[in-house]
Amino acid sequence: AYVYAMRDKIDGVLKDFSTSQERDKFKSAMNQAEDWLYNDGYDTTKQEYARKIEELRKLGNPIENRFNQHQSRPAAIDGLKRQLDLCKTFAANYDEAHAHITDEERDRIRKEVQTTENWLYDSISKQEDSPLSADPHLTVESITAKRTSLFNATNPIMIKPKPKPAPAPAPAEEKPADGTAPENKAREGKAEGKEESEPKAP
C-alpha cells in the first residue's frame, strides 16, 4: 500500500518538494521493492517486509516532511503572531485593571516580544529564499517552541493579580465629655441603680 500511495504522490503533490535525483532514486527503490515483493518476498516474514518498507520510508519521509511543513507552517506562524500581539496589547495597557504592572515588567514583556519577532521574521525570510525541495529552515516545531517560550516568559506577569486593597482602619471608640469609657459608665449606672433599690433599715 505504501508503494502504491507514494508512487502517485511523488509525481503529484510531492513533486515540488523533491529534486529530480531524489525522485529517480525513490522510484527506483520502489520498483525494486515491488519486484522483490512479488518474487522472493512473496513468502517473506513480517519482519523482513517491515524492514523493506522502512528502507523506502528513509527516502520518502524527508520529502513528505517538506510538504507537511509547508502546509502547516502558515497556521503556526499565525498562532505565534497572535501571541505576540496579545503581549504587545498587554504591555501598552495602562488602565486601572493593569495599574499594578510595573514599568520593569512591561519592559520585560516588550523585550521578549522584540527578540521573538526578530527571530520569526529572519526565519521567514530565510525560508522564503529556500526552494521547496530543500529541507525547511523554519519548522512548525521551532515555531511552537518559540511560542511556548514566549508564553512561559510573559504569562506570569500577565496573570499577576491586582493587590487587594488594605482593610479600612477600625473606627476610634468615642468617649463622653467626662472621659469615662462607655462600658465603665454603664457599669457605674448599674451599681447606682442597685444601691437605690436596697430597702433602708427602719
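Predicted model: local features only at pLDDT ≥ 70, side-chain atom pairs only at ≥ 80, totals over all residues.
Residues are numbered from 1 along each chain as its sequence is written, and side-chain values use heavy atoms, with hydrogens and water left out.

Q: How many helices and how many strands are there in the protein?
A: Helices (H or I, at least four residues) and strands (E, at least two) are taken as DSSP runs, numbered from the N terminus. Read from the N terminus on, the elements run α-α-α-α-α-α. The count is therefore six helices and zero strands.

Q: What percentage of the residues of the protein count as buried?
A: A residue is called buried under 20% relative accessible area, exposed over 50%, and partly exposed in between, using a 1.4 Å probe and protein chains only. The protein exposes about 14,200 Å², of which carbon and sulfur atoms supply 52%, with areas computed by the Shrake-Rupley method with a 1.4 Å probe, where for residues only the protein chains shown count as cover. Of the 202 residues, the share that counts as buried is 28%.

Q: Which orientation do helices H4 and H5 have to each other?
A: The axes, which are lines fitted to C-alpha atoms over the stretch in contact, are compared by an angle that runs from 0 to 180 degrees between N-to-C directions. For H4 (residues 103-128) and H5 (residues 140-158), the axes come within 10 Å and cross at roughly 175°. Angles under 35 degrees count as roughly parallel, over 145 as roughly antiparallel, 65 to 115 as roughly perpendicular and the rest as oblique. H4 and H5 are therefore roughly antiparallel.

Q: How do the residues of the contact of H4 with H5 divide into nonpolar, polar and charged?
A: Contact means heavy atoms within 4.5 Å, and the residues that make it include Ile-109, Val-113 and Trp-119 of H4 together with Leu-150, Ala-153 and Thr-154 of H5. Ala, Val, Leu, Ile, Met, Phe, Trp, Tyr, Cys and Pro count as nonpolar, Asp, Glu, Lys and Arg as charged, and the others, Gly among them, as polar. The residues of this contact divide into eight nonpolar, three polar and four charged.

Q: How far apart are the end C-alpha atoms of H4?
A: The expected span of a helix is 1.5 Å times one less than its number of residues. The 26 residues of H4 should therefore span 38 Å, and this agrees with its end C-alpha atoms, which are apart by 37 Å.

Q: What covers the buried residues of H4?
A: The buried residues of H4 include Glu-105, Ile-109, Val-113, Thr-116 and Leu-120. In an α-helix there are 3.6 residues a turn, so residues three or four places apart point the same way. What covers the buried residues of H4 includes H5 and helix H3 (46-91).

Q: Is Thr-154 buried or exposed?
A: Thr-154 is found in helix H5. Not counting residues up to four places away in sequence, Thr-154 touches Cys-87, Ile-109 and Glu-112. Because its relative accessible area is 1%, Thr-154 is buried.

Q: How far apart in space are Gln-69 and Asp-135, C-alpha to C-alpha?
A: Gln-69 lies in helix H3 and, at 5% relative accessibility, counts as buried. Leaving aside neighbours within four places in sequence, Gln-69 is in contact with Pro-136, Leu-138, Thr-139, Val-140 and Glu-141. Gln-69 and Asp-135 are 66 residues apart in sequence, and their separation in space is 9.4 Å.

Q: What separates the C-alpha atoms of Gln-114 and Leu-84, in Å?
A: Gln-114 has its place in helix H4 and is partly exposed, with a relative accessible area of 43%. Gln-114 and Leu-84 are 30 residues apart along the chain, and their C-alpha atoms are separated by 9.0 Å.
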